Amino acid sequence: MKNLYKFLILLSLILLSNQLLISQPIIIRDTVAALEKPKVQLRQLINLDGKWERSYNEDDWEAFEIPYCNSIAKKIVYRRVFDIKPELLDKYSWHLNFLGIEDEAELYINDKFIGKYLGAMIPFTVKISNKYLQANNNRIKLVVSPASSFVLLARKMNPYQQNSSMGVLRSIELVGTSNVWVSGANYKNKFIGNSNSFLVNTTISISSSELEQNLAKPQRNDSSSNYFARTHFSVEAAVIDKQTNISIAQSNQITFQCQAERTIQQEANLTVNSPTLWSPANPYLYELVIKIKKNGVLVDEYSTTIAFTNLTINRDDRQYSFLLNGQHFDIKGIEYYENFNFLNYEQMKKQIEQDIVMIKSLGANLIRVKNFAPHPYLIELCNKHGLFIIIDVPSHRIPSKILATVEITVRLKNIADRMISYYNSNVSLIAWGLSSGIIENTLEFKAYTKLISNLIRANSDKFIYKEIDFSAKNVSCDGIDFLCIRADREELNFSEVKFQIVNKLTELKNKPILISYGMLVLPNNHNGYSDPFSNEYQAYYIQSINTIIKELNLAGSVLWSFNDYELSSPMLILNNDEQYLCTSGIVDINRSQRKSFFTLQAHFNNEKEPLLNAGSYKDSLPISYIIIGIAVSLIILFLINRFRRFREYFFRSMFRPYNFYADIRDQRIFSTVQSFFLAIVIAFTLGIFFSSLFYFYKSYEAAQFLYKIIIPCSFCQELLYKLIWMPELMMLSVAVVSFILILIIAAILRGFAIFVSNRIFFKDTFIITVWAGTPFTLLLPLSIILYRLLFISPEIFWVSMASLILLAFWICSRILRSVAVVFDVSKNKVYLAGTSFLSFIALIVITFYQLNFASFAYIKYFLNNIIN
């Protein structure tokens, strides 16, 4: 009997222990890094990276891996099947976390439309109602569309815009939570100087689903709202020291009631006394833990990194600077560009980790993220390793008229709002970038500045800054905490750079000033720093700019850039085989360090600078201009001296054109061969002229911007840029195009000839066109020496362009006059018809460019901002 009692007691204890275990929440550990992870995970996570299917028409499907950077900017459909175990389906509420989609996405679950979302590379979460899900096989479909035409245009017109292509560029996660969960927490730290304490004001977002499923079931006749109403929930927050695992601050327990399908916010205030302060030298982190309980039982626990630091702006000796935790702080920043071409999360994670380690070894204390929202893991590492970060709203080099469009304004406002919501609580984030390179003092820019700065002030406690060019006039500092001045890459005279900075300092007296600087480099150019595109010159440039920054005692600098990155449009400035690669980095795209890396490292750490080889470099004049120019001159001189009739025609066409055109009308004999050679001379004269201009301005940013306005097609830009760096081929290409243009004009004149009674042949209109263009030969002497003249005096450009324009108008007038004579039509009628035809063609071209490429806005921007 005693043995029986012992057995029953033992059995009771076992059953009781099992019941206690069952009553505890299930903890499932997350294996994928995220920005904000619960300390004790009551959440289920399913990683949806890996094998998907892709289609452009939903008929032809191919196997595909996500994440992936797609180079084709058109709609893509992705699909796959995922499983949820039957025992987990009703236990959790389910959410999809998208860490980065470019640009818009439509989501379908089991063929049910869930919603359409702006991705813009900002992480976002979508709640999936359990009624759309089923046990085991669930079908997910994503329809990803590119950005709108205005957005794509703004990116392509920025010569240094990073290319992101489109698609699912970062991970996708399926997360299961309790049916009442913490959906977000945003905190603001207020430094209490007298007591060396911080007041942590935490706004906790709490969401609920349609039914409480995982802890208890409502009664049969209870509605979900009644059930939530009679259930008592509470939330509390605590700050935990990660190293000691001790709570150093605790909020009061806040009770609340939940309704189905609602999100509410609760405020929790904590006072943290004398915490260890976070800084780049000592990135000491705490953890903010938030718990939700239902009737005293833990249902969700959420944690995020928190730290305490005090970065302020200080005025000392008429100079504004930064103070970090009461100590003078110089910004040593560098721009960082994420590589989107990784095939999986682990590759991306490893690359970002290696980059952060290199940036820390460099001695930098700040990262600037410019074109796209940063990866959450990058922010996490910045918090951990002690790197400040500043994030720009992507409004770079946008004309004011485009900035003011509803499409762009609403998009930028939404992007700013979502970035603030997602990133603002990170200790490493210190500022939001408002704009870069936008024309100041316009009504459109003022309205944009007010809109975005008010949004940031209302929702964030971070600084606001903007980047301006040297050429910026009437700079407004309203709503701005500090400024970043872009030192132009083309300013090779460093005394001029210093002079420009001093001028801006005089104009902007009441703000801290950072210098944004950087330059492009030819990767395999080691000719010494006398070559402006060599690796050594990049290091010399960094030396010189940092010397100026120290001499002027500025607040700091931001270098463009840490790494090379891919561009959205081809690059002209460098003669690089990889036209879509921006080689501004101190490490290349494979993270090999350049000479400039060690130079910047020495400056950041006040160490001895590495020695640089000066080398010898001289920009030589292409001899082909002289050779071909002399050859063309000899041809024209030979024709004039050898053939009396050609000499007579040449001078008559120039000085007595009426008699010359009358001979054509009267069918006098004209040599077609001689006319053909004159056309060749005219074509090569224009070829030498334009090739000289193209080649001289090949490394000017303004020239590249102008070509983008004239030729918006990326493929045509590629071809043009390749030709510009091959002057002989460019010369031949312009000559061929000029000759074809002569034939086209002759064909158009022949077409108009059907409306007159005279018998006019194509040979006649060809002769008219060629001999009307004789004045272009006056450009030949100038064309031969134009490249050298531009070196001596850049003002020659305006003289040469004025000459070209005057000659073009003269030749158009000669053509119309010749048509009046040869066609035997009233001169007034011809001029009216010709002017109307040219105006009609110009109107069609202008309308096409304006409607598709907003050309007026970009031409105005080019004249006001780029040329200056």
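Mentor: Start with helix 16 (residues 672-696) and helix 22 (residues 796-822), whose axes come within 12 Å and cross at roughly 145 degrees. Keep in mind that this is a predicted model. The crossing of helix 16 past helix 22 is left-handed. On the helix 16 side, the contact uses L686, F689, F690 and L693. Helix 22 supplies F797, S800, M801 and L804. By class, that contact has seven nonpolar residues, one polar and no charged.

Helix 13 (residues 623-642) packs on helix 14 (residues 644-655) at an angle of about 110 degrees, and their axes are 5 Å apart. Helix 13 is therefore roughly perpendicular to helix 14. From helix 13 come I636, L639, I640, N641 and R642. They meet R644, F646, R647, F650 and F651 of helix 14. This contact of helix 13 with helix 14 counts six nonpolar, one polar and three charged residues.

Eight of them close into a barrel, in the order 24-25-26-27-28-29-30-31, and the pairing is parallel. On average, neighbouring strands of this sheet are turned by 25 degrees against each other, direction ignored. Look at one pairing in detail. Strand 30 (residues 513-518) runs parallel to strand 31 (residues 556-560), and five bridges join them. Within that pair, Y517 has L559 in strand 31 as its bridge partner.

Conventions. Residues numbered from 1 in each chain as written. Predicted model: local features only at pLDDT ≥ 70, side-chain atom pairs only at ≥ 80, totals over all residues. Heavy atoms only, no water. Pairing = 2+ DSSP bridges. Helix = DSSP H or I, 4+ residues; strand = E, 2+ residues; numbered from the N terminus. Axes fitted to C-alpha atoms, helices over the stretch in contact; angles between N-to-C directions. Parallel < 35°, antiparallel > 145°, perpendicular 65-115°, else oblique. Contact = heavy atoms within 4.5 Å. Nonpolar A, V, L, I, M, F, W, Y, C, P; charged D, E, K, R; others polar. Left-handed = near helix turned anticlockwise from the far one by under 90°.
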